[in-house]
Amino acid sequence: MHAHFSPPRTAEMAAQQVERLREAYWQVDEPPRWDAESTLAYMDRTGIRMQLLSNIPMELEALRDSNDFGASVVADHPDRFGLLAALPTDDPSACLAEVGRADQLGADGFAVTSFYKGTYLSDPLLEPVWAELNRRKAVVSAHPDAYRATMGRPDAVFEVAFQTARTFADMLYSGVFRRYPEIRFIVAHCGGALPSIAGRLQLLGTERWVPNPHGITHTEIQEHLRRLYLDTAGTAPNGLAGGLAMTSPDHLVYGSDCGVPCTTDATMNTNLREILRYDGLTGEQIRAIGRNAFGLFPTAAARIATATEARCR
């Protein structure tokens, strides 16, 4: 879970991306590059059997092209990659169209951005989208917009954690989780700052002075937060403790954050090493983090099983 990709770019597109990153205070000289072969080599070195890929461009045509490219990568390597189809959550009609197209692409699940072109995931305009995804019992990976800047630093450093917390707290109060209980949300970076404020929400969130138009109860706050899945990207070493205080070990799924400019082999390896030696879980529970996603993505698990059987013949 939580691995990224990017389609091939022209030289002009690459230069534009570098400029956008610099405007958001990224200290970069060249654009990030992604290719399947290098990624597979990293996976082989690290012991990762499969990555579920996501990429969520901010323009509709680019988003659709990216989903197409991601599907082609999976077609070439069906037992090594899966696709989380990106959804343009600022436009319900386009979003529903892409949900339908995901069937044609053979996507394993969906990927959304917490704050996409000025629209939060709690916005009422997304009601028809959540209704359709609920009908499908879909798995939806939610990632913050990391390519902005706050206080002169890229949001990927710290602001992404607060954006995630704001978004999911508002989804809670907006009744999204109550109305659409069949959607399984996976929250990036072990929930960002959400686990840190979960106790505060439970303590103060239903007090009379707090606006609560849907009458979300204290019990619902606990239950809805506990049902969330959290990926382990960028958690080392302290993030697991907060996540486990909010949810349960079987709701943790391994994420590396592979394939983006804020991630290197060194940071991924450090994060993985800290997870493997975390003393708040048993060895069996730690090993399960790397396999829990199979229960969420049965089509991806089936592709691995098929490939394994073929090799054993």
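Reader: Is R101 buried or exposed?
Author: R101 is buried, at 13% relative accessible area. Buried means under 20%, exposed over 50%, partly exposed in between, with a 1.4 Å probe and protein chains only. This is a predicted model: local features need pLDDT of at least 70, side-chain atom pairs count only at pLDDT 80 or more, and totals for chains, interfaces and linings use all residues. Residues are numbered from 1 along each chain as its sequence is written, and side-chain values use heavy atoms, with hydrogens and water left out.

Reader: Where is R101 placed?
Author: In helix α4, residues 92-105. Helices are DSSP runs (H or I, at least four residues), and strands are too (E, at least two), numbered from the N terminus.

Reader: Which residues does R101 contact, leaving aside neighbours within four places in sequence?
Author: R64, N67 and D68. Contact means heavy atoms within 4.5 Å.

Reader: New topic. What is the strand order in the open sheet?
Author: β1-β2-β3-β4-β7-β10-β11-β12, 8 strands with parallel pairing. Two strands pair if DSSP finds at least two bridges between them.

Reader: Which strands stand at the edges?
Author: β1 (3-4) and β12 (252-253). Each has a single partner strand, so one side of each has no neighbour in the sheet.

Reader: How many bridges join β2 to β3?
Author: There are 3, and the two strands run parallel. In β3, G82 is the bridge partner of L52.
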